[in-house]
Amino acid sequence: MRWLKALFSLAITAALFWLGQFKIGILPPIGKFVDPFAGFWQNGKDLYTLPKTMDLPGLHAPVTVVWDSRQVPHVFAQNEHDLYLTQGYLVARDRLWQMEFMALAAAGRLSEIFGERTLEFDRSRRRLGMVFGAENTVKALREDETARSIMEAFTAGINAWIDRLDERELPLEYKILDYRPEPWSELKSALILKYMAWTLTGRFNELEFTRTRQELGEETIRQLYPIFPPFTDPIIPPETPWPFRPIVPAPPEKQFYPVAAARAVEADPFVPGSNNWAVAGSRTQSGHPLLAADPHLALNLPSIWYEMQLVAPDMNVYGVTIPGLPGLIFGFNENIAWGMTNAGSDVLDWYHLTFKDSTYAEYKYGDGWRKTQKRIETIQVRGKGTVQDTVIYTHYGPVAYLEYEQPFQPNIPRMAAIRWTAHDPSKELLTFYYLNKAKGYDDYRKALQYFHCPAQNIAYADVEGNVAIWHNGKFPLRWREQGRYLLDGSDPLHEWQGWVPMDQVPHVKNPPRGFISSANQAPAAPSYPYYLGWFYAPFERGARINQWLQARTELTPQDMMRLQNDNLNLRARTVLPTLLQLLAEADLTPTEKAVYDTLKMWNFEARRDLIAPIIFEYWWREFYRGVWRDDMQSEHGRLLWPRADITIELVLNHPDSPFFDDRTTEDRETLALLAQRTFKIAVQNLETDFGPPGQNWRWGKARGTDILHLAQIPGLGRMRLETNGNYAIVNATSRRAGPSWRMVVDLTPGKVRGWGVYPGGQSGNPGSPFYDNMIEAWVNGEYYELLFLKSPEESHKNIVTQTRFEVQQ
């Protein structure tokens, strides 16, 4: 009997082991996952400590990597081929899963990992032409000898790391999701460029706005949706002259009014954006320029950025890159510093099409018909085989969805082709290459000519004392308001009429005020002759930065850090005093009166220890909805709501506006009545969500910030961080987004110094102490001085070790 029990137990164990090699639903194969020799246990060990020396296939000469105390690699190579090969190897060592996941997401290949759950997402990426655009970028890069050599070396370095990986060393996510990395390719790097291009330019509202115009009429559109919104302090100082003769196309005589049933939504409070500025020596304590930059993106782990120093003959640059891309995207060298914010100008339009018949083989264009092309997309679906999808291409671009199909995103129109500059051949990677080694302003200008999409405001400062900013990108030549609404794909006059000449885009060098800045607001005053778009960020961040800098001289790097962490809510400071004056204190309950008093004493700072910020947030949200909810409804669905800056302008300058009346009631509501009613609702909502006024209402606790894992794997993110700031504040930290890299650079000749921090860590391994070790410093507004070395022989207290990569014999 004892033998029978033993045999039975052995059989059960064997069966469990056999079953453990297979996935059950979305769970990984349990046997593989808990394998003590290759499973997740190994990811808690120090797998990636490099030896003092090791061979690296493909090197032409030895390379030295100096590691500092935050595991930032400082790469010293004797030639550029070895520099980029080593960069690829090191980034893959720390971030392989992340960079491949981003590339697969952009390519519409997540169903290979997750099965049917991500099929519609994958289909949408194919329908938007992400791979098509990446293929065109690869072709353009390969036509340039410099770009081709960089990409080949970088790709070889990544594959050198992949080739040495065994099951034990696989990043944890591969084990959880049960798949393996595949060889890297230049296409994957191009796909990451398109991933970022879509993130930064894929916000469009032509469908909603076309419906809004149909419902509200042209007069109301001009009132509520102005091209140049109120309170805006543009990027380029308004007094800047434009000494050129513009080429402005005339609009078609006939307007286009397609039927556009839309489900519109409130204005999105988070616009992918950033801050940057550079201050001339006339305003600094040292007499030399300072530059600051902090890009605002969705916050994830592993972090979007990877920190490095790259040194080769004729190059010594420090900064951050996006894993999967060669070179450094934000940074500084011994001569210059640069940083970018999203331009926000319109580089994506939708063209409504009329097809000849249900075969979709031809579409009307001018007096005739043009033929379409069909691209067959094959999507591998885990556990289900393959799905084939036919995407129709026109001379504009792909048709995302036909009339009978349901768009993945509600703002994507049916029966329309997308025209997007990110589909065109381009060489953005050369911009970073030339910036990385730039010695002055002319080199900076040379670098910018390669950057087409996503368009960026690229701030600049150098050791010669120059500061500058260019609203840089490949901008379509448009008539005024072209692209605000759906365009007529059958009318050749609705085509883009060429490109704004690169030397005529908004820019300024060494303005008299002694600084340049941008925060995603309108690039130029109405006097600028070209129409570039209209849906830019509201006024708050840009105006606050300019006011702050204009009021100060003798600025130091620490002042730049203080401004990056500035928590003043300019929206509240602008509108809250007026709203408070409208309240009838006698009609407030004791709790409401206490809340009112808290707001009245508030200094308008969105600090984590205060409760006033959450009160204003709740009240403003309720007030904003109260103003527009009734006006933005129709039998066809909700419309595109006016923005916050328009709402504030009505409160301050048009208190008798009919928009404050609720059209759904017989009574006529006033601004004061609306303020009173929404204040009471806001207090009720706060008590429902957080209980009576007290510690639970603190901004840091009530709002908080979540840094999710990129694949949203539970337990691998950092949740409920008690942070300062908000989305419309210079410190633009919100619930899920915020400053993804803060950088300050002092351009003192011969003594260039930098400081920086990002919310994460160098390692992509959740078991590593360097996975999220910089988050606390980031939350607290602290910085690390960046170790900018001149040679691998330098000594410094923060240097931990060196690795010498040898040529493989």
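## Between the two domains

Across the interface of domain 1 and domain 2 the rule finds one salt bridge, where a salt bridge is a side-chain nitrogen of Lys or Arg within 4 Å of a carboxyl oxygen of Asp or Glu. The side chains of Arg571 and Glu540 meet in a salt bridge at 2.7 Å, N to O.

This is a predicted model, so local features need pLDDT of at least 70 and side-chain atom pairs pLDDT 80 or more, while totals for chains, interfaces and linings use all residues. Residues are numbered from 1 along each chain as its sequence is written, and side-chain values use heavy atoms, without hydrogens and water.

## Buried area

Domain 1 and domain 2 bury about 1,900 Å² between them, with carbon and sulfur atoms giving 65%; buried area is the accessible area (1.4 Å probe) that two parts lose on being put together, summed over both. Leu224, Phe231 and Glu540 supply 26% of the area that domain 1 buries against domain 2, more than any other three residues.

## The open sheet

Now to the strands. Eleven of them form an open sheet of mixed pairing, in the order β1-β29-β2-β3-β7-β8-β9-β10-β18-β19-β21. Strands are DSSP runs (E, at least two residues), numbered from the N terminus, and two of them pair if DSSP finds at least two bridges between them. Because β1 (53-56) and β21 (507-509) stand at the edges with a single partner strand each, one side of each is left without a neighbour in the sheet.

Strands β10 (residues 336-342) and β18 (residues 456-462) run antiparallel and are joined by seven bridges. Thr341 has Asn457 in β18 as its bridge partner.

Technical notes:
Helix = DSSP H or I, 4+ residues; strand = E, 2+ residues; numbered from the N terminus.
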